[in-house]
Amino acid sequence: MHFLIINIAVFALLMAFLVKQQRSEQTLSKRVFTSLGLGVLFGAALQLVYGGGSDVIANTLEYINIVGAGYVSLLKMIIMPLIMVSIIGAIIKVKDSGSLGKISGLSIGILLATTAASALIGILISNLFGLSAEGIVQGAREIARGEVLENRLGTVEALSFADMVISFFPGNPFADLAGSRPTSTIAVVIFSAFVGVAGLTVIRTQPELGASFEKFMQVAQEIVRTLVRMVLSLTPYGVLALMTKVVAGSNYDDILSLANFVVASYVGLGLILVMHLVLVSLVGVNPIRFLKKILPVLTFAFTSRSSAGTLPFNIDTQVKKLGNGEGVSNFSASFGATMGQNGCAGLYPAMLAVMIAPTIGINPLDPGFMLTLIAIITISSFGIAGVGGGATFAALIVLSALDMPVALAGLLISIEPLIDMGRTAVNVSGSMTAGTITARLLGQADHAVFEADQETDSKPVNA
């Protein structure tokens with residue numbers, strides 16, 4: 001009990017230091033990276049002092065998680081209101097409902113294309129590192145996870161591509177605003193687009209009522225934006241808690257035993273990030289400036305392991321730092337959080353399939369196998385949100401489509417959190433890349449915002 005109190009006291013001191021930073025008007029980016037470093041150091045110190053798997057660490061993290069999980073919950077709280085008012089407001093401002101199809105089609109197309117490229121990177125990296133499922137020893141946890149995956153396979157196989165697409169439509173928009181389904185985010189995007197187009201019709205046909213609606217949306221947007229700023233100002237505290245939990249709660253023996261897969265995964269994720277930078281450079285964006293502006297968002301995605309939780313931060317950065325415009329930013333971020341995820345739906349299933357292929361007599365370098373794998377991954381990534389579960393379900397769909405033993409996906413359970421951190425950051429990078437390319441190609445980018453060096457978050461909001 002005494003050790004628990006000491007640990008909580010140290011964590012409270014670290015929080016107090018971050019409060020001091022905020023009051024001294026340090027930029028949000030600097031405070032996020034400071035909290036990341038402090039979280040790594042504190043988590044490592046807990047491991048060093050008490051040892052991995054200690055009850056003291058578990059009890060400490062239970063209380064620290066109040067801050068981390070609480071912050072992620074606050075982010076989820078503002079996702080639906082932010083998407084709804086931003087998309088409706090953007091449509092009214094643009095007054096061109098025809099551009100919605102272009103924004104949606106281009107954003108989704110870029111996400112799917114980059115996912116296909118990510119799958120190819122996964123195939124090449126797995127072969128380069130000589131990854132194979134044959135050398136992995138199944139432990140009790142892995143066997144149990146494999147049995148769970150086998151049981152869940154029936155649910156996945158029962159879902160057709162058509163069912164996944166149908167699940168995007170908002171049959172009950174109020175339930176979707178409450179986030180009742182894995183596809184609620186896309187459903188809210190569609191519902192908001194319809195409301196925005198209806199609002200445009202009222203503005204054109206009944207100017208007096210339309211003016212009142214426009215005024216209402218302006219007020220709603222400003223209230224939600226203020227709410228977003230309030231929540232985002234808490235990001236350093238959430239990152240501190242989340243990073244402490246990750247580092248202190250990791251099993252380093254498991255990580256070392258599967259180090260080859262971990263290293264290969266991060267090499268692949270690094271190559272995908274480089275691909276994103278090359279793609280934005282092709283539309284006239286300075287890749288170094290782009291990376292600098294999105295790094296705080298990727299840092300939070302890395303620590304939180306939640307693409308959906310990162311969504312408000314993603315949209316805010318695209319609008320205020322990348323200059324992508326509210327319409328493009330909301331559509332690309334929302335689509336990117338639920339489909340075409342480069343890390344979870346692209347790289348990971350490809351690596352897993354290549355690892356398993358030799359165990360069932362398939363040459364992983366066979367051109368036919370590679371093309372089939374890339375095609376399946378690209379198509380299935382469009383519907384991952386329809387079944388929920390992120391990378392695990394992506395792997396289930398791909399492996400079952402290739403008639404591979406899905407139980408082998410449970411072999412990597414011990415290092416799943418570590419790899420998932422990098423995958424989530426790459427997923428978010430992919431959505432921001434799609435938004436940037438879409439905005440540039442459609443001529444909706446604000447170049448002055450992107451070129452500005454001044455931080456928009458220099459004065460934190462007092463929440």
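Seven salt bridges are present in this predicted model, a salt bridge being a side-chain nitrogen of Lys or Arg within 4 Å of a carboxyl oxygen of Asp or Glu. Residues are numbered from 1 along each chain as its sequence is written, and side-chain values use heavy atoms, without hydrogens or water. Local features need pLDDT of at least 70 and side-chain atom pairs pLDDT 80 or more, whereas totals for chains, interfaces and linings use all residues.

Select E222, R225, R229 and E326, which salt bridges link in a network. R225 and E222 sit three residues apart, about one turn, in helix α9 (residues 207–232), helices being DSSP runs of H or I with at least four residues, and their side chains meet at 4.0 Å, N to O. E222 also pairs with R229 at 3.6 Å, N to O, while E326 reaches R225 at 2.2 Å, N to O. Because E326 lies in helix α15 (residues 326–336) and R225 in helix α9, this pair ties together parts that are 101 residues apart in sequence. E326 is buried at 17% relative accessibility and R225 partly exposed at 29%, where buried means under 20% relative accessible area, exposed over 50% and partly exposed in between, with a 1.4 Å probe and protein chains only.

Next, select R440 in helix α20 (residues 416–441). R440 is buried yet has no salt bridge, and the nearest side chain of opposite charge, E451, is 5.3 Å away. Beyond its neighbours within four places in sequence, R440 has contacts that include V283, H447 and F450, contact meaning heavy atoms within 4.5 Å.

Technical notes: Helices (H or I, at least four residues) and strands (E, at least two) are DSSP runs, numbered from the N terminus. Lys and Arg count as positive and Asp and Glu as negative; His and the chain ends are not counted.
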